[in-house]
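Dear colleague,

Please find below the structure that I am handing over to you. A short account of the findings follows it.

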Amino acid sequence: MAASQAAVQTVAEQQRTQETALKSIVAAVKDQPGHLEGRVERLETWLGKRAESQDASLKQVEKKVEEHSSTLAALPGGIDTVIERRTSTLERQVASIVEGQHKQAKKIDKVFTSVKAQQPQVIPGVDKESGALQRVKIVLPDGVDIPINRSGTDDAFDVFRARKKDGTLSFLRVEVPYYHYYTADRQLHLQGDWNAPFGHIADDVIASGTTKLLHDRLYTLWQGVRNAAHSSAAILEVGAWKGGSTRFLAEACRHFGKSGTIYSCDTFTGPVQVTAGIDGTRTAAQFEDISEDVRVSLQPYANVDVIKGDIETTASRIRDTTLSMLHVDVNVYQATLFTLNTFAPRLEPGGTIVVDDYGSVTCPGVKQSVDEFAAAHPQFRLTHLLTGQAALIRIVQ
Ligand SMILES: C[S@@+](CC[C@H](N)C(=O)[O-])C[C@H]1O[C@@H](n2cnc3c(N)ncnc32)[C@H](O)[C@@H]1O
């Protein structure tokens, strides 16, 4: 309080000093020759107005300090107490919101647990046209059907909620895996080389943002390279996007001492052909050409050959008659089937083809092409991995 008034006085004092200084300048200038006279007059007028407005604003400040001081004087403990009170009110409000959320979550869990105890049958409804998960039907043992609607996607799950009005069920949360696979994160500890070197290489590639694959799927590729390490035949990847999976393959080859070219093929502008009715809701969305960035990022690997273009037109550039491993990650039916039909016959016995997104409901065309290929080629053994990938291993020549 006293400090505020002292501050106002100091400002007033400074203004008076300034005014005196300006007046003495004006007085000094008045003695100068005639051509300065007009200027001096203007300066005097300006000085008068300035003094007036400064007085007025100073008075306003004083008034506000007075008003403020009476409010503050009425508060025991002053401004600090006001701030403390406001903070604790806010904290209480936040705590009660959090508590409410906890109660709500407990309520939901309770209902969910009781429904689960009745062992309901959960029937996912896949939209026939898009292949996407749209509806879910819960059938309780007493035969009650509860159709419920999708209300969002929660990480790898679709979340469905329902209200049943007859009172037996008020709220229900059902999680249906969005993808038909489980994603292993880094908390999962595999024995052996999980942390180093695999984990470190995978961490590094994932952190670079150049792959959509996570540790679980990369580990499948890691094992594919390990199993092919004895061979100097090339590795072919179709669907490299920003090059992260190619870089991972190159690092794995380096680690296992595997020689041979790694072909990294992509249009680098998105899929070429999306088949209506087979590729679900996918569209042939094109993205900006990223091939140069990919080339630059893969330059440190002398054995990597980046090939840009639709695989159906660039296939002739892969002249190797023998391949030791194939990674297909193109999301769509046509390019997957073409790649399998063209390059699988060149795979060495024991070699692995890894097809990404085989278990993904958003890529129904991938599953269809792999199934068609596997049915026509019994020399390849198909395994659906819970990572969402398919492994096709050549068991005979
Ligand atoms: C899911 S991304 C690949 C992801 C990548 N393997 C990773 O590590 O994240 C699918 C890629 O397939 C490519 N693609 C789709 N159809 C293709 C075709 N006919 N020829 C070449 N590339 C194609 C797309 O351009 C896209 O970059």
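**The surroundings of the ligand**

The shell around the ligand is made up of 11 nonpolar, 7 polar and 4 charged residues. Please keep in mind that this is a predicted model. In total, 22 residues surround the ligand, and the closest are Thr211, Gly239, Ser245, Pro271 and Ala335. Helix H6 (244-256) and strand E7 (262-266) are the elements that give two or more residues to this shell.

**The sheet**

Strand E7 also belongs to an open sheet of 7 strands, whose order is E8-E7-E6-E9-E10-E12-E11 and whose pairing is mixed. Strand E8 (304-308) and strand E11 (380-384) each have a single partner strand, so one side of each is left without a neighbour in the sheet; these two strands stand at the edges. From one strand to the next, the twist averages 15°.

Within this sheet, strand E9 (residues 323-328) and strand E10 (residues 347-355) run parallel and are joined by 5 bridges. Here Met325 is found opposite Thr352 in E10.

**The helices on the sheet**

Which strands does helix H5 (residues 215-228) lie across? They are E9, E10 and strand E12 (390-394), and the helix runs at about 170° to E10. Helix H10 (residues 364-376) packs on the sheet as well, where H10 touches E10, E11 and E12. The direction of H10 makes about 150° with that of E11.

Yours sincerely,
A colleague

How values were computed:
Residues numbered from 1 in each chain as written. Predicted model: local features only at pLDDT ≥ 70, side-chain atom pairs only at ≥ 80, totals over all residues. Pairing = 2+ DSSP bridges. Helix = DSSP H or I, 4+ residues; strand = E, 2+ residues; numbered from the N terminus. Axes fitted to C-alpha atoms, helices over the stretch in contact; angles between N-to-C directions. Contact = placed C-beta atoms within 7 Å. Near = placed C-beta within 6 Å. Nonpolar A, V, L, I, M, F, W, Y, C, P; charged D, E, K, R; others polar.
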